[in-house]
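Subject: Structure handover

Hello,

Please find the structure below. My notes on it follow.

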Amino acid sequence: MHFALTEEQQMIADTTRAFVENELYPHEAEIERSGHLPMELIRELQAKAMAAGLYAANMPEAVGGAGLDSLSWLLYEKELGRANYALHWTCVARPSNILLAGTDEQKEKYLFPCIRGETWDCLAMTEPGAGSDLRGMKATARFDGGDFVLNGTKHFISHADIADFAIVFMATGEEETPRGPKKLITAFFVDKGTPGFTVRDGYRNVSHRGYTNSVLDFDDCRLPKSAVLGEVHKGFQVANDWLGATRLQVAATCLGRADRALSHAIAYAAERRQFGQQIGKFQGVSFKLADMAMELKAANLLTWDAAWKFDQGTVTEADMSMAKLKATEVLAMIADEAIQIHGGMGLMDELPLERIWRDARVERIWEGTSEIQRHIISRELLRAVGG
Amino acid sequence: MKVLVPVKRVIDYNVKVRVKADGSGVDLANVKMSMNPFDEIAVEEAIRLKEAGKAEEVVAVSIGVKQAQETLRTALAMGADRAILVVAADDVHTDIEPLAVAKILAKVVEEEQPGLVLAGKQAIDNDMNATGQMLSALLGWSQATFASDVDIEGDSAKVTREVDGGLQTISVKMPTIVTVDLRLNEPRYASLPNIMKAKKKPLDEKTAADYGVDVTPRLEIVKTDEPEARQAGEIVPDVDTLVAKLKEKGVV
Ligand SMILES: Cc1cc2nc3c(=O)[nH]c(=O)nc-3n(C[C@H](O)[C@H](O)[C@H](O)COP(=O)(O)OP(=O)(O)OC[C@H]3O[C@@H](n4cnc5c(N)ncnc54)[C@H](O)[C@@H]3O)c2cc1C
Ligand SMILES: Cc1cc2nc3c(=O)[nH]c(=O)nc-3n(C[C@H](O)[C@H](O)[C@H](O)COP(=O)(O)OP(=O)(O)OC[C@H]3O[C@@H](n4cnc5c(N)ncnc54)[C@H](O)[C@@H]3O)c2cc1C
């Protein structure tokens with residue numbers, strides 16, 4: 001067992017970090033203020049990210065990505081994750097891995113333009129009536145004369161406003177299971193502008209300013225069979241095969257922001273003086289720092305462990321859930337304590353802490369709530385003994 | 001034309017430097033190390049010369065501890081074609097003095113026959129500002145220091161120098177040694193694909209002994225001190241008091 005990064009991994013982290021600090025940080029305050037990412041800025045930063053080979057670097061080399069192993073990929077995600085989410089997600093986009101599951105034609109139409117920075121994707125599963133319980137979804141795709149006809153509503157769909165197409169999961173049938181009837185699900189590519197498909201503004205929310213969510217309405221939206229991603233009724237298999245590691249992506253981006261908040265807290269504790277000494281000399285402050293650093297290290301190790309196992313093919317669902325759960329909860333704790341150490345100044349938008357604190361909130365909800373992660377972890381424990 | 005770029009591994013410019021308890025130098029144990037920022041500018045300039053068709057090959061060379069290999073990989077990831085590591089010390093705290101570095105570089109130049117040596121004007125760790133000049137003397141080559149613009153035209157180079165009074169433009173005969181200043185260019189990011197490729201680029205490992213150069217230090221470091229902590233300021237009520245105070249302290 002050895003825990004050192006390779007030279008390349010260190011360089012990947014360093015170069016991504018330098019890019020994030022020099023090119024993304026300067027724009028954060030404005031986006032936090034306006035909640036909007038202007039297209040000229042997106043184009044400018046996209047071009048720089050491409051020159052540095054950072055754009056879509058999650059993708060395999062054969063399709064124009066960087067061909068990174070999982071640990072390198074997550075080191076890159078961690079550094080990107082330091083910055084405002086809308087900025088890094090849009091300007092240094094990582095197209096969804098699920099696009100790799102498409103046919104050659106689908107890759108030509110959807111994957112390659114995303115990698116070239118010409119288009120953006122979005123992924124729609126959640127519905128007003130179906131969040132954690134996706135197999136209880138109501139939106140349907142009905143087979144009709146060789147076509148599919150889509151009806152229903154999806155909500156909370158991230159960056160669907162800027163996306164050029166959506167990968168949409170629809171119920172195409174039902175099967176009996178020991179736990180009652182469950183929906184059979186199929187994934188579709190739906191282009192913006194397809195008749196019967198509309199995207200409207202979603203909700204304003206506390207986390208990730210500038211990173212929008214939308215409501216997707218399907219009203220007799222007719223799609224050819226060629227719009228199916230993967231196989232009919234096998235939408236969940238495609239998702240499981242290609243989206244498993246997104247939990248690790250969430251974990252890694254959280255680790256980046258947690259590290260940023262912790263660095264601020266350490267620097268401030270060494271600099272701020274009250275009662276005639278550095279506040280870091282009070283154990284009430286210094287012991288917080290010790291716990292923050294220890295928890296962050298634990299979260300890092302859980303994530304790197306899962307990343308390494310992912311490449312060995314030995315990762316379990318529980319490994320990935322633990323990494324996501326720990327990283328998101330540690331981020332929340334560190335953001336909160338970093339503010340505490342800053343006193344009143346921690347709440348002011350002069351520092352990135354108030355926003356790291358706000359941004360931390362969504363991480364325990366999306367990509368599977370903390371409760372769902374605990375469910376996955378405990379299920380694996382109990383199944384092993386026949387539970 | 002081949003361009004040789006010496007690069008030094010130094011304490012990262014973001015690191016808050018700590019002096020060792022015995023005052024013998026700066027503590028480098030478990031401290032982030034990076035390429036000397038001026039050398040990064042030199043690497044960038046060399047790559048630009050290659051991209052402009054004025055150079056065929058960029059060779060990076062580093063003299064120091066084995067870990068300087070990381071610095072060379074960064075140069076390779078930025079776009080240098082190959083690298084030479086000259087191991088001259090075991091302990092990360094051993095600094096190879098400019099004359100020894102220049103002597104080794106002179107041997108490397110003899111072997112490699114570059115048309116141009118692009119070096120940083122100084123290393124940010126000891127601020128010696130001497131290696132390029134010494135190398136020029138050892139080789140009998142022309143030199144152009146503190147460059148903020150470099151234009152190679154056949155067998156001469158027009159170099160703009162940042163001097164105290166402003167900018168000075170000189171013309172030097174090739175082959176030459178140029179030491180670069182801060183404003184010459186903005187170094188690129190080592191791109192992800194180039195980082196992956198850097199692993200496959202050749203990196204030769206030599207020792208100071210291979211070149212027959214004695215690297216024993218000639219300088220004795222008597223003491224290293226932390227910079228004096230800044231004193232707390234004082235707010236004065238008006239300009240008259242300010243002027244009076246300054247006079248009192250003898251600064252005006
Ligand atoms: C900003 C934002 C962006 C999003 N982007 C997208 C997107 O791009 N695409 C997309 O498809 N979705 C997206 N989502 C949806 C996200 O994945 C869901 O919010 C998440 O899956 C939780 O579903 P829910 O909000 O409906 O909560 P619910 O599932 O209704 O959960 C409510 C509460 O019940 C708990 N709970 C539910 N089931 C169980 C159980 N079995 N055991 C214990 N507790 C349980 C949950 O943990 C939670 O505390 C986004 C959400 C947000 C907030
Ligand atoms: C929105 C807002 C409105 C406010 N309104 C007013 C107002 O109207 N009038 C007014 O006068 N003030 C006001 N305040 C100031 C507020 O009372 C201070 O922020 C508060 O007293 C903390 O001081 P500080 O922010 O300077 O933090 P500091 O005192 O610098 O504390 C920094 C950190 O060090 C810790 N610390 C400090 N000393 C010790 C110690 N001895 N032992 C252990 N830990 C220690 C603190 O607990 C904290 O975690 C306001 C603040 C805010 C944020």
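Predicted model: local features only at pLDDT ≥ 70, side-chain atom pairs only at ≥ 80, totals over all residues.

I began with helix 3 of chain B. Its buried residues are P98(B), A100(B), V101(B), A102(B), I104(B), L105(B), A106(B), V108(B), V109(B) and E112(B). They pack against strand 1 (2-6), strand 4 (57-64), strand 5 (82-87), strand 6 (116-120) and helix 4 (131-139) of chain B. Helix 3 covers residues 98-112, and at 1.5 Å a residue these 15 residues should span 21 Å; the end C-alpha atoms are 20 Å apart, which agrees.

For chain B the average pLDDT is 94, and 100% of the residues score at least 70.

The record places "Acyl-CoA oxidase/dehydrogenase middle" at residues 122-221 of chain A. In the model that span is 0% helix and 58% strand, and its end C-alpha atoms lie 18 Å apart. The record also gives "Acyl-CoA dehydrogenase/oxidase C-terminal" for residues 234-381 of chain A. Here the chain is 77% helix and 3% strand, with 27 Å between the end C-alpha atoms.

Next, ligand 2. The residues around ligand 2 are R272(A), Q274(A), F275(A), I279(A), F282(A), V285(A), Q340(A), I341(A), G343(A), G344(A) and M348(A). In the side chain of R272(A), an N or O atom is 2.6 Å from an oxygen atom of ligand 2. For the side chain of Q274(A), the corresponding distance to an oxygen atom of ligand 2 is 3.4 Å. G344(A) takes part through its backbone, where an N or O atom lies 2.7 Å from an oxygen atom of ligand 2.

Last, some backbone geometry. Most residues other than glycine have a negative phi, and most peptide bonds are trans. H233(A) has a positive phi, near 70°. It sits in the loop between strand 8 (228-229) and helix 6 (235-243) of chain A, and its relative accessible area of 35% makes H233(A) partly exposed. D127(B) also has a positive phi, near 50°, and lies in the loop between strand 6 and helix 4 of chain B. With a relative accessible area of 45%, D127(B) is partly exposed. The peptide bond from M174(B) to P175(B) is cis, with omega near -5°. P175(B) belongs to the loop between strand 9 (166-173) and strand 10 (176-180) of chain B.

Regards

Note on methods: Residues numbered from 1 in each chain as written. Chains lettered and ligands numbered in written order. Heavy atoms only, no water. Helix = DSSP H or I, 4+ residues; strand = E, 2+ residues; numbered from the N terminus. Expected span 1.5 Å × (residues − 1). Buried < 20%, exposed > 50% of the residue type's maximum accessible area, 1.4 Å probe, protein only. Contact = heavy atoms within 4.5 Å. pLDDT = per-residue confidence, 0-100. UniProt positions renumbered as here; feature names shortened; annotations may be inferred. Near = heavy atom within 4 Å. Polar contact = N/O pair within 3.5 Å; in protein donor to acceptor, adjacent residues only side chain to side chain.
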